[in-house]
Structures are given as C-alpha cells and as structure tokens.
Amino acid sequence: MSSPLPLTEPIYPEKVRFVCISDTHNRADEIEAQIPNGDVFLHCGDFTHYGTYTEVENFNSLLGRLPHRHKIVIAGNHELTFDRRILPATKPLKPHRRMSEEVLLRNREFLQSRGLKHMSWLLTNCIYLQDSETTVHGLRIYGSPWQPQFYDWAFNLSSLEDLKYVWNKIPSGIDVLMTHGPPQGRGDGCCVDLKAGCPELLNEVQNRVRPKFHVYGHIHEGRDPQWNKDEGFSTDGTTTFINAAILNHSYENVFLPVIFDIPLPHGHSKTSVFNISDSLV
C-alpha cells in the first residue's frame, strides 16, 4: 500500500476496514463527525492530557458513541495514570513533575472506591491493549505504549536493554502493530530537528515481526510535510507505516483519520468472534 485510501472509499464485505487516529488530547469529540465508519477503530494513545479519571471517562463516552463494532486503544505518554511507575496500585505515591502527589492520590482513591485495579478499567467501550494482543476477524493486533525517553512523561524507557525487552515481547505473525511512538525514520521527524523514533523498534518490525501495518502517533509533526516528506505514510514493501496523529505541533486539529483495508483471512467472516490475550494490567 503506497498511499492512504480516501476516506470515502467504500467498505467491502471481503475486507476488514481499519480506522486509525492518535494524539487527540481531549479533543477527539471535535473530529467525531469526521471519523469514518469501519469494522475496527484504532486509537494509538494520547487521548488525554494527563490521564485523569475525568478525562478517561470523557474519552470512554466518545468511544461509546462511535459506530465501529470493534474499538482498540493503547495508552500514550500523556496517560500518566496508566503507567504503574507513576500511579502504583498500593505503593507510596511520589509527586511527578507533570502531576502532583495530591492529584495522583485523588485518582488512586477514585479507582479504589470503585474496585478498579487500573485506570484502563474505565475504558469499558473498547479493548485496551498494553503489551498484549487481540484477534479480530482472524487478524492479530498487538498494542504497546512505550517509547524511548522523551521529556518526562509516561511509558518512557531510557536504556537500550529495556527497549529491546519490551519490543521483544511483540509476537511474530502480527497483522497490525499499534505502538504509541514511531520507529526510527518513519514519520518521526520533529520540530527540534531530530528523529524521535526508536531504532530498536524499527529493527524488530522489519527483521522479525514484519506486520502488514504499523500504526502509531506521538510525534505530531510526523504528518507535517515541513518535517516529514512522507507525511507520516510509507512502506518498506512488507509493512505499511502510518503516523495517525490528529493534532499538529501546536495542538490544532488539522489532520484527518487514516483508513486501510486487510482482506479477510481464509475461513473468517466479519461475524467471527474476537479473542483477547491476557493483559499485563
């Protein structure tokens, strides 16, 4: 697939239609009318600013209004409360540069009062993936929120060993890979004049996992031709790489959702039941 499908492309009975967005930062409702219908809706993280329970509840309400039968979501670096290192279930809280101890405590007490073990449990209108996979219509989808150290937000990993460890968890044979951050050199050029993508992720994707599609966001400039000539859409002949960020660097709603199709695997139909692997959260 060398170029994105037009959003007006019909949905075909013999193909699974994926609709992708990322990095909406509490503003997904502003583009709700522009999100095309499809079989599977993907959001690659940063659906909030900070991951507070009110933000997550609002996003979950939006998900409930979308018509897609299957909705799959991963966290991004702005979902602070989804990262157990920042909001542990029981360990003493420590103030974070982006979230005070008081706000962290308020969010933990909210979860405890409702018997919820993780902030993702508020996402009742989708499948949440965190280093885990699901199967829809015979197609395997894996999601992971991590990225190399990038400022001081959530799901940052600073060591090469840690990055190799999380990317090695991605099973071979995945059809669609969702990560929050991009692989190096694929829609990852940003305004501070550097490539923010992960080289270890690119290595795993191209040499071992080899998915049909790799969808991500994180770098808003990834879709801006000023910083990325491919405008966040490219292929190596095996994998199609898609930066699905909706907001630009100035946090303005300027980009549209991205859609793609995958033919139904032999023996599967759109009425087949999906399965979810065990999640680590």
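Predicted model: local features only at pLDDT ≥ 70, side-chain atom pairs only at ≥ 80, totals over all residues.
Reader: What makes β4 and β15 edge strands of the open sheet?

Author: The sheet has five strands in the order β4-β3-β2-β1-β15, with mixed pairing. Strands β4 (127–128) and β15 (258–263) each have a single partner strand, so one side of each is left without a neighbour in the sheet.

Reader: How do you know that β3 and β4 pair, and in which sense?

Author: Two strands are said to pair if at least two bridges are found between them. Strand β3 (residues 70–73) and β4 share two bridges, in the parallel sense. Ile72 has Ile127 in β4 as its bridge partner.

Reader: Over how many bridges do β2 and β3 pair?

Author: Strands β2 and β3 pair over four bridges, in the parallel sense. Here Leu42 has Ile72 in β3 as its bridge partner.

Reader: Why are both faces of β3 called covered?

Author: A residue is called buried under 20% relative accessible area. His70 and Ile72 on one side of β3, and Lys71 and Val73 on the other, are all buried. Helix α1 (residues 53–65) lies across β2 (40–43) and β3, and runs at about 155 degrees to β3.

Reader: Why is Asp261 called buried?

Author: Asp261, which lies in strand β15, has a relative accessibility of 14%. The limit for a buried residue is under 20%, so Asp261 counts as buried at 14%. Apart from residues up to four places away in sequence, Asp261 touches Leu5, Tyr12, Lys15, Val16, Arg17 and Phe213.

Reader: What makes the approach of Asp261 to Arg17 a polar contact?

Author: The criterion is a pair of N or O atoms within 3.5 Å, one able to donate a hydrogen and the other to accept it. The side chains of Asp261 and Arg17 are joined by such a contact at 2.4 Å.

Reader: How do you know that Ser234 is buried, and what does its side chain meet?

Author: Ser234 is placed in strand β13 (residues 233–235). Its relative accessible area is 11%, and the limit is under 20%, so Ser234 is buried. A polar contact of 3.0 Å joins its side chain to that of Arg186. With residues up to four places away in sequence left out, Ser234 touches Arg186, Thr239, Thr240 and Phe241.

Reader: Why is Pro225 called partly exposed?

Author: Pro225 lies in the loop between β12 (213–216) and β13. Buried means under 20% and exposed means over 50%, with partly exposed in between. At 47%, Pro225 therefore counts as partly exposed.

Reader: What makes β5 largely enclosed?

Author: Strand β5 (residues 132–136) has four of its five residues buried, so the rest of the structure largely encloses it. Strands β5 and β6 pair in the antiparallel sense over five bridges, and Val136 has Leu139 in β6 as its bridge partner. In the hairpin of these strands, which has two residues between them, His137 takes a positive phi near 55 degrees.

Reader: How do you know that Leu139 is buried?

Author: Leu139 has a relative accessible area of 2%. Since buried means under 20%, Leu139 is buried. Beyond its neighbours within four places in sequence, its contacts include Val16, Phe18, Thr134 and Ile262.

Reader: Why are the buried residues of α3 said to line one face of the helix?

Author: In helix α3 (residues 160–168), Leu163, Val166 and Trp167 are buried. Seen down the axis of α3, the buried residues fall within an arc of 95 degrees, so they line one face. On the other side, Glu161, Tyr165 and Asn168 are exposed. The buried residues pack against several elements, among them β6 (139–144), β9 (176–179) and α4 (199–209).

Reader: What describes the packing of α3 and α4?

Author: Helices α3 and α4 pack at an angle of about 35 degrees, with their axes 9 Å apart. The crossing of α3 past α4 is right-handed. Leu160, Lys164, Trp167 and Asn168 in α3 meet Glu200, Leu201, Glu204 and Arg208 in α4.

Conventions:
Residues numbered from 1 in each chain as written. Heavy atoms only, no water. Contact = heavy atoms within 4.5 Å. Axes fitted to C-alpha atoms, helices over the stretch in contact; angles between N-to-C directions. Buried < 20%, exposed > 50% of the residue type's maximum accessible area, 1.4 Å probe, protein only. Arc of directions from axis to C-beta. Left-handed = near helix turned anticlockwise from the far one by under 90°.
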